[in-house]
Structures are given as structure tokens and as C-alpha cells.
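Visitor: I would like to learn how to read a few local features in a structure. Could you take me through them one by one?

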Amino acid sequence: MAERGHCSAFVVDTHMIRPAVPPRLKKGGQRSLSAAQTLLFLLVALALCGMIIEACFIYRLYQTEQISSATISKLLADETSPTRPPGEDLPPSKPVAHLTDGADVEHHKHVMRWSMVADPILHKMKYENGTLIIQEEGYYYVYSKVFFFLSSESFTHEINVKTERYTGGSILLLQSRNISPRSGRIQSNSFLGGVFHLYKNDAVYVHTSNTARIARHKSVENVFGAYMI
Ligand SMILES: *[C@@H]1O[C@H](CO)[C@@H](O)[C@H](O)[C@H]1NC(C)=O
């Protein structure tokens, strides 16, 4: 009612001076002003609600992070605990061996020997005097890598097997030969790998033309292994 009164007062006024357009505008402006106020109020309320929800989410996220970091530390503690030494919690299903060089190793002139203190993997196979002795007949992937000094003399790297089924000596399985005209302290690598059918008590070993030419800086540079496929 007050609005209408106000308006009519304006209408009276404008009859004398100008057309009734501005008052109508003003009337509409007032209505949109109150609508804008409501909208502003709603927006502010919405923004506040949003902030509260955001705060809840941040709190929850922080709680989850705390829980997960606690879980991770617990898992790490479990892993490093002496009750579960690494590598022993899941034994391999098939025979496997991976041997490396080591400070404790003294090579034979030709046959390489392997470290028993450098944490070797040796499962369902025996190690004896440089040889891996097969315990279960089957197909095995056999490999070896050596790091050696080049010289004017050729260098050979082989994997051989001694078997009860053949008394004539060792059987050559894999060979790598290097002939270099240069001498000096130049070094090179040789890698051998292949699949062989091996029988119980077969003795597999790495033979070189001269183990004195093996470069022995790190144990991982000279390796020998086998696994049943
Ligand atoms: C160890 O291996 C080397 C090289 O094949 C051989 O000469 C030696 O007789 C072996 N020793 C034993 C105890 O089997």
C-alpha cells in the first residue's frame, strides 16, 4: 500500500512535468532491488554452505592421509621386521639360481666360482665348486654375463655341462669369443643365455679361457644363473 501511495504521488508530480516513464522504472527498480537483495542473501548463504562443506572435506582428507600414512609405516615396519626377511616370504615354485661374483670368491684358472655370501638365489639346485647341480629334470634357461679385459689374445666365455649320461667330458652349451688386436685396459662384456634340457645331477658351470682376465670391480658385473621354465 505504501508503495502504491508513493507511486501515485509521483504520478501526480509527473503529470505536470514529464511522462510517467521514470516512476515506472523506479517502481521496477525497487522490485528488482529487493530481488537482488534476496539473490545476494542466497548467494552469500550458498557461499557459506560451500565453505562449511569444503572444511568438512579438508578435515576428512586430512584424517584419511593420517590413516594411510600410519598404514604405510605399519607395512614398512612389517617388511623390515626380522620375522619376515625379504625374499623368503614367497618361495619360487620352480628351481632357480642367480649367483654373482664376490670378494670371497677365488676363481679356478678357467672355471669361475661364485659367491655364497653375496645373497645368492639358490632354490632346488645345489652349488658345488663353481657348478650348479640340477636336482629336478626339465627345461632350464641358463645364462651368464662377465666383464673382462680385452687383450691381443682371444677371450672365450662358455657355459658347459658335465652329465652322468656322457662320460666323454664336458658338453659346450654356449660360447662367446672375443678377438681384439688391441691390448691395454680396455674392457668388454659377454652375455650368454639359452634354454637346455637338463637332468638330475647335471653340473652346469661357467668356463673362461683365463679367469685372470675377468674384471672384478663389482660383484654384479659377473653373474651366472639358471631357472626352470
Ligand atoms: C673344483 O673344480 C675344479 C675345476 O673344474 C677342479 O679342478 C677341482 O678338482 C674341483 N674340486 C673339487 C673338490 O671337486
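Predicted model: local features only at pLDDT ≥ 70, side-chain atom pairs only at ≥ 80, totals over all residues.

Visitor: Where is Ser-219 found?

Guide: Ser-219 sits in the loop between β9 (203–208) and β10 (223–228).

Visitor: Which residues is Ser-219 in contact with, leaving aside neighbours within four places in sequence?

Guide: Thr-100, Asp-101 and Gly-102. Ser-219 and Trp-114 are 105 residues apart in sequence, and their C-alpha atoms are 9.4 Å apart in space.

Visitor: Now Ser-144. Is it buried or exposed?

Guide: Buried: its relative accessible area is 0%, and the label applies because that value is under 20%. Ser-144 lies in strand β5 (residues 138–149).

Visitor: What joins the side chains of Ser-144 and His-157?

Guide: A polar contact of 2.9 Å. His-157 is also on the contact list of Ser-144, beyond neighbours within four places in sequence; that list includes Ile-159, Phe-191, Leu-192 and Val-206 as well.

Visitor: Which residues surround the ligand?

Guide: His-108, Val-111, Arg-113 and Asn-129. Taken alone, the ligand exposes 360 Å², and the protein buries 38% of that. By class, the shell splits into 1 nonpolar, 2 polar and 1 charged residue.

Visitor: How far is a polar side-chain atom of Asn-129 from an oxygen atom of the ligand?

Guide: The distance is 2.4 Å.

Key: Residues numbered from 1 in each chain as written. Heavy atoms only, no water. Helix = DSSP H or I, 4+ residues; strand = E, 2+ residues; numbered from the N terminus. Contact = heavy atoms within 4.5 Å. Buried < 20%, exposed > 50% of the residue type's maximum accessible area, 1.4 Å probe, protein only. Polar contact = N/O pair within 3.5 Å; in protein donor to acceptor, adjacent residues only side chain to side chain. Near = heavy atom within 4 Å. Areas by Shrake-Rupley, 256 points an atom, 1.4 Å probe, with all protein chains shown as cover. Nonpolar A, V, L, I, M, F, W, Y, C, P; charged D, E, K, R; others polar.
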